[in-house]
Amino acid sequence: LRGAPLPAAPAERAASASAPAPTANSIGNARLPQRRGRRALYGMLVLAALAIAGAGFWLTSPHRLALPSNRPDPAGPLESAVKERSIAVLPFADMSEKKDQGYFADGMAEEILGVLAKVPRLTVISRTSSFQFKGRDADIKTIGASLGAHYIVEGSVRKSGARMRINAELVDTGNGTERWSETYDRDAGDAFNVQDEIAASIVRALQLAVVGDEEIPARVKPRNPEAYELYLRGRQALDRFDREGFEQAADLYQRALDLDPQFVPAVNALADAQVFLTQWGYIPPKVGYERARRTAQLGEKLDPNLGEPHWLLATIDLQYDWDWDGARTELERADAISPRASHVFLTRGMLSFSLGRLNDAERQLSAAQRLDPLSPNTLFVLGWARFWSGDLPEAESLFRKALQISPTYESVHYYLGHVLMVRGDLTAALGEMKAEPDEESRLAGIASVEFAMGRRKESDSVLAKLTQLSADDWASGIASVHAIRNEPDAAFQWLDRAFAQKDEDLYIIKGDPLYKNVAHDPRYTAFLRKMNLPE
């Protein structure tokens, strides 16, 4: 770091800004298992992408909006678009008598969001941010200000047997006026037509210029209603973000594919679940990642005009294969199809981050934040970028904002502790490390701060515990502690072990401030070369 070396020794509206921030356990998207927080980055990216991907899978090319197709420059035009033609879709309320249709209500909102996301001149706020407001009440102007959205779509679903009633409305957040509303009484099997009708009505209400009768992209409807219901239940299970949820989701997706092998949403969702199971250590990497790759490639084969499979393959290239050119190519393909997807901006930022191109990384990550302003994951990654570049006050601010949104988000306390340690506030740094929920990160952080405080014996003891716990799955974490303790021989021994293990954290090792004390060692340059990273 610059001048600051590490020690060598409806009723469901959002809460107002003053209300308590929701905890991770209250928000499906923010739940994290007891694993390394860096690994959770992929999970947050997937959950941010699911709503757009779900509807996008069924969008076909014959009917498209005849609107400008220029992709936004993340440094400029995108920001003005958020102000002028931006919209957020809040989770729909489950008004069913038994309150057992939450998965269907969420699916309704997500599908509408996904359809709207395909309208080129409309900027749609990501699900990760809009779903932060599930089950909470707030003034519509506060919601708009929090999300950076000019318009809000909200509604409710009442489903009983084969019938459903859907209420939806479009509200202008600037003055709170209702621009459009409608109630639909239909058969439950007519859900897709209702979603299209709602999206088309919103486009008309916003007076978006279209040519002829082309309003929104046409969709291919699922052929098997039971397969679609299994898919929605799988998405609900995945939101639990734990081993049981991942396994249940994978089973539900596979059952959906057994009923309809051409059901593309279930194919790509299955690939997502397979990656989760691998990243959290429930499937060996060489088995799980290759399985996920084959599944994603199947999704691409079934419909080559979709962005989701390319983004998924890019993520595997980036985090597992360390194939930087492959990741770039897949992201270019995903971007050509989904130019306003926050998860594509975020992953492009992570690729630039990996290659040491911090200016471009921050530009891409800032664009992702504008599309997903309340995502703790995006704030976390932006905090990394600021930490890497040496902007410690801004890094601290971003990490604290991430914790306000999701107090149990893994690894934020760990990195916040490192920022405070570099700034010289060792007591506060130790407090943050002890507050870290992930055991591996907590031990690594405590060992580092204890060493910085001159407590070598205590640091040795905690490092021994970390080594016993993490030798087989987080060798890079052990290496980073040795680097902070200025023990280069041990640091590089553990880095070599991490390389052999395909330790996922290695994809962001270039410029990592935790390795600053060994960055001038020739072995560090050699290691970057082995990772095919620029020196």
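The model is predicted. Two helix pairs are described here: α12 with α13, roughly antiparallel, and α9 with α11, roughly parallel. The aromatic pairs number 21. One of them stacks Phe 246 on Phe 276.

**Helix α12 against helix α13**

- Helix α12 spans residues 324–337, and helix α13 spans residues 342–354.
- Their axes come within 10 Å and cross at roughly 160°.
- Angles over 145 degrees count as roughly antiparallel, and α12 and α13 are therefore roughly antiparallel to each other.
- The crossing of α12 and α13 is left-handed.
- From α12, the contact uses Trp 324, Ala 327, Arg 328, Leu 331, Ala 334 and Asp 335.
- From α13, Val 344, Thr 347, Arg 348, Leu 351 and Ser 354 take part.
- By residue class, this contact holds 6 nonpolar, 2 polar and 3 charged residues.

**The loop between α12 and α13**

- Ser 338 sits in the loop between these two helices, α12 and α13.
- Its relative accessibility is 13%, so Ser 338 counts as buried; the cut-off for buried is under 20%.
- Setting aside neighbours within four places in sequence, Ser 338 is in contact with Lys 118, Gly 307 and Val 344.
- Val 344 also belongs to the α13 side of the contact with α12.

**Helix α9 against helix α11**

- The axes of α9 and α11 come within 10 Å and cross at roughly 20°.
- Helix α11 covers residues 308–321, while helix α9 covers residues 264–279.
- Angles under 35 degrees count as roughly parallel, and α9 and α11 are therefore roughly parallel to each other.
- The crossing of α9 and α11 is left-handed.
- On the α9 side, the residues are Asn 268, Ala 271, Asp 272, Val 275 and Gln 279.
- They meet Glu 308, Pro 309, Leu 312, Ile 316 and Gln 319 in α11.
- The contact of α9 with α11 divides into 5 nonpolar, 3 polar and 2 charged residues.

**Aromatic pairs**

- The count comes to 21 aromatic pairs.
- In one of these, the ring centres of Phe 246 and Phe 276 lie 4.7 Å apart, with the planes at 5°, so the pair is stacked; the cut-off for stacked is under 30 degrees.
- This pair links distant parts of the chain, with the two residues 30 residues apart.
- Phe 246 lies in helix α8 (residues 243–259), and Phe 276 lies in helix α9.
- Both Phe 246 and Phe 276 are buried.
- Ring pairs also link a cluster made of Phe 353, Phe 380, Trp 384, Phe 387, Trp 388, Phe 399, Tyr 409, Tyr 414, Tyr 415 and Trp 474.

**Two further buried residues**

- Phe 131 is placed in the loop between α4 (127–130) and α5 (140–147).
- Phe 131 has a relative accessible area of 6% and is buried.
- Between Phe 131 and Ala 109, the C-alpha to C-alpha distance is 9.7 Å, across 22 residues in sequence.
- Met 421 belongs to helix α17, which covers residues 412–422.
- Met 421 is buried too, with a relative accessible area of 3%.
- Met 421 and Met 453 are 32 residues apart in sequence, and their C-alpha atoms are 9.6 Å apart in space.

Note on methods: Residues numbered from 1 in each chain as written. Predicted model: local features only at pLDDT ≥ 70, side-chain atom pairs only at ≥ 80, totals over all residues. Heavy atoms only, no water. Axes fitted to C-alpha atoms, helices over the stretch in contact; angles between N-to-C directions. Helix = DSSP H or I, 4+ residues; strand = E, 2+ residues; numbered from the N terminus. Parallel < 35°, antiparallel > 145°, perpendicular 65-115°, else oblique. Left-handed = near helix turned anticlockwise from the far one by under 90°. Contact = heavy atoms within 4.5 Å. Nonpolar A, V, L, I, M, F, W, Y, C, P; charged D, E, K, R; others polar. Phe/Tyr/Trp six-rings, centres within 6.5 Å; stacked < 30°, edge-to-face > 60°. Buried < 20%, exposed > 50% of the residue type's maximum accessible area, 1.4 Å probe, protein only.
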